[in-house]
Amino acid sequence: MAEMRHFEDFQVGDKIVTRGRTVTEADIVMFAGLTGDWHPLHTDIEYARQGPFQERIAHGFLILSIASGLLPLSEIAIIAFYGIDKLRFVAPVKLLDTIRVEFEVLDKQEKDERGGVVTFQQTIKNQRGEDVSVGTMRSLIAKRKSP
């Protein structure tokens with residue numbers, strides 16, 4: 001297991017690239033059931049075939065949720081998710097696309113004695129390296145405890 005990264009360990013320009021994860025039929029169906037979002041663009045083959053992508057696509061918030069799970073949370077001393085700004089879904093994610101996330105540290109601000117806010121550029125990419133979602137994510141990350 002990698003060493004835990006704290007607020008002090010992050011520097012502007014640092015990058016994290018996650019492992020990949022393939023989006024499946026089961027993911028889309030379970031997400032629709034969990035959220036109640038049964039929009040036919042995601043769940044109706046015939047409807048989607050007539051739409052702009054000619055096939056079903058994954059929910060944007062499903063992709064965002066998967067991206068959150070790809071972050072190596074057990075290796076970062078995260079206190080809390082602090083929010084996302086300027087989130088855009090710039091290309092569709094289709095069934096059996098494999099996504100990964102690239103994070104780049106844009107800024108860090110001390111908050112209090114417990115930790116500080118690290119701002120990341122979050123770019124979700126498909127298996128062809130194409131951006132599918134971009135946004136600015138903020139996390140409250142713990143400082144190292146003084147001895």
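Predicted model: local features only at pLDDT ≥ 70, side-chain atom pairs only at ≥ 80, totals over all residues.

**Val132**

I started at Val132, which lies in strand β6. For naming, I took helices (H or I, at least four residues) and strands (E, at least two) as DSSP runs, numbered from the N terminus. Buried or exposed? Val132 counts as buried, at 1% relative accessibility. My cut-offs here, with a 1.4 Å probe and protein chains only, are under 20% relative accessible area for buried, over 50% for exposed, and partly exposed in between.

Next I listed what Val132 touches, with contact meaning heavy atoms within 4.5 Å. Leaving aside neighbours within four places in sequence, Val132 is in contact with Arg88, Phe89, Val90, Ala91, Pro92, Val93, Ile124, Lys125 and Asn126.

**Ground rules**

Residues are numbered from 1 along each chain as its sequence is written, and side-chain values use heavy atoms, with hydrogens and water left out.

**The whole chain**

I counted four helices and six strands. Reading from the N terminus, the order is β-β-α-α-α-α-β-β-β-β. The C-alpha trace spans about 60 × 30 × 30 Å along its principal axes. Of the 147 residues, 37% count as buried. Among contacts with a separation of 6 or more, 68% are between residues 24 or more positions apart.

**Helix α1**

Which residues of α1 (residues 25–35) are buried? They are Asp27, Ile28, Phe31 and Ala32. These four cover an arc of only 125 degrees around the axis, which puts them on the same side of α1. The arc is taken from the directions from the helix axis to the C-beta atoms. I reminded myself that an α-helix has 3.6 residues a turn, so residues three or four places apart point the same way.

On the other side of α1, Met30 and Leu34 are exposed. The cover over the buried residues of α1 includes β2 (21–22), α2 (40–43) and α4. Just after α1, Gly36 takes a positive phi of about 85 degrees.

I then looked at His39, in the loop between α1 and α2. His39 is partly exposed, with a relative accessible area of 37%. The C-alpha atoms of His39 and His59 are separated by 9.0 Å, and the two are 20 residues apart along the chain.

**Helix α4**

In α4, I found Leu62, Ile63, Leu64, Ile66, Ala67 and Leu70 buried. What do the buried residues of α4 pack against? The partners are β2, α1, β3, β4 (98–110) and β5.

**Aromatic pairs**

My rule: rings of Phe, Tyr and Trp (its six-membered ring) pair if their centres lie within 6.5 Å, with planes under 30 degrees apart called stacked, over 60 edge-to-face and the rest tilted. That gave three aromatic pairs.

Phe10 and Phe120 form an edge-to-face pair, 5.8 Å centre to centre with 90 degrees between the planes. Phe10 sits in the segment before β1 (15–17) and Phe120 in strand β5 (residues 115–125), so this pair links distant parts of the chain, 110 residues apart. Phe10 counts as buried at 0% relative accessibility, and Phe120 counts as buried at 4%.Phe61 and Phe89 also form an edge-to-face pair, 6.1 Å centre to centre with 75 degrees between the planes. Phe61 lies in helix α4 and Phe89 in strand β3, so the pair ties together parts 28 residues apart in sequence. Phe61 is exposed, with a relative accessible area of 55%, while Phe89 counts as partly exposed at 40%. I also noted that ring pairs link Phe10, Phe103 and Phe120 into a cluster.

**The largest pocket**

Last, I ran the pocket search on a 1 Å grid over the protein atoms alone: a pocket is an open set of points where a 1.4 Å probe fits, with protein on both sides within 12 Å along at least five of seven lines, and lining residues have an atom within 4 Å of a point. The largest pocket has a volume of about 190 Å³. That volume is the space filled by probe spheres set on the points, which are joined across faces, edges and corners.

The lining of the largest pocket includes Leu64, Ala67, Phe81, Phe103, Gln122 and Met137. The elements giving two or more residues to this lining are α4 (60–70), β3 (78–89) and β6 (131–142). How many lining residues fall in each class? There are nine nonpolar, three polar and no charged residues. Here Ala, Val, Leu, Ile, Met, Phe, Trp, Tyr, Cys and Pro count as nonpolar, Asp, Glu, Lys and Arg as charged, and the others, Gly among them, as polar.
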